[in-house]
Amino acid sequence: MSYANKKKFTSRFSFIFIVFKKYYHIGIAVNTENGLVVPVIKDVDKKSVFEISQELMDVSERARNKKLTPNELKGGTFTISNLGGIGGSFFTPIINPPEVAILGVSRTKEKNEKLILPLSLSYDHRVIDGAAGAAFVVAFSNVLKCSVFPNSSVTNKSVKVPPTSTPTR
């Protein structure tokens, strides 16, 4: 996927023009007893997976305990929502405006000795076309596959990440 296409996924639509951001601030949907809250992990491209994991656990806990600051709830460029803990195979995540895309992650399951992680991408078709949406899910799937099996070829492993994408107008 080209850099130009990647930039679209962190853009914002303002009804007048598209704003392309030069940073990656990822919103994480957290289920609380008062509904969903979306804290934002800022500058994820400058952090290690370990740092992101620690920050994710911290903001998730503070979201559940109503301890987030207003600044931690704004500025996202892309959101990830995970229903894996609740169940279900697929869902259609709703875009968090003014963002233009959101990735939904469902529960991992095994089928015929293959590990399957259902992903659902919703995106604003005014900014991202179908081919770019499909390419994003394929590229993300390959990153996940390489992370699970870092010492071998992706094509030789029995991991399947079935992509779905939902254009939104």
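Strands S7 and S8 run parallel and are joined by 4 bridges. The model is predicted. Strand S7 covers residues 78-82, and S8 covers residues 101-105.

Strand S8 is mostly covered. Of its 5 residues, 5 are buried. Ala-101, Leu-103 and Val-105 point one way from the strand. Ile-102 and Gly-104 point the other way. Residues of both sets are buried.

A further buried site lies in a loop. Pro-39 is found between strand S5, residues 35-37, and strand S6, residues 40-41. Pro-39 counts as buried because its relative accessibility is 0%, and the cut-off for buried is under 20%.

Several contacts of Pro-39 reach beyond its neighbours within four places in sequence. Among them are Ile-26, Gly-27, Ile-28 and Val-30. Pro-39 is also in contact with Val-59, Leu-68, Glu-72 and Leu-73. For Ile-28, the separation from Pro-39 is 11 residues in sequence. In space, the C-alpha atoms of Pro-39 and Ile-28 are 5.8 Å apart.

Terms used: Residues numbered from 1 in each chain as written. Predicted model: local features only at pLDDT ≥ 70, side-chain atom pairs only at ≥ 80, totals over all residues. Heavy atoms only, no water. Buried < 20%, exposed > 50% of the residue type's maximum accessible area, 1.4 Å probe, protein only. Helix = DSSP H or I, 4+ residues; strand = E, 2+ residues; numbered from the N terminus. Pairing = 2+ DSSP bridges. Contact = heavy atoms within 4.5 Å.
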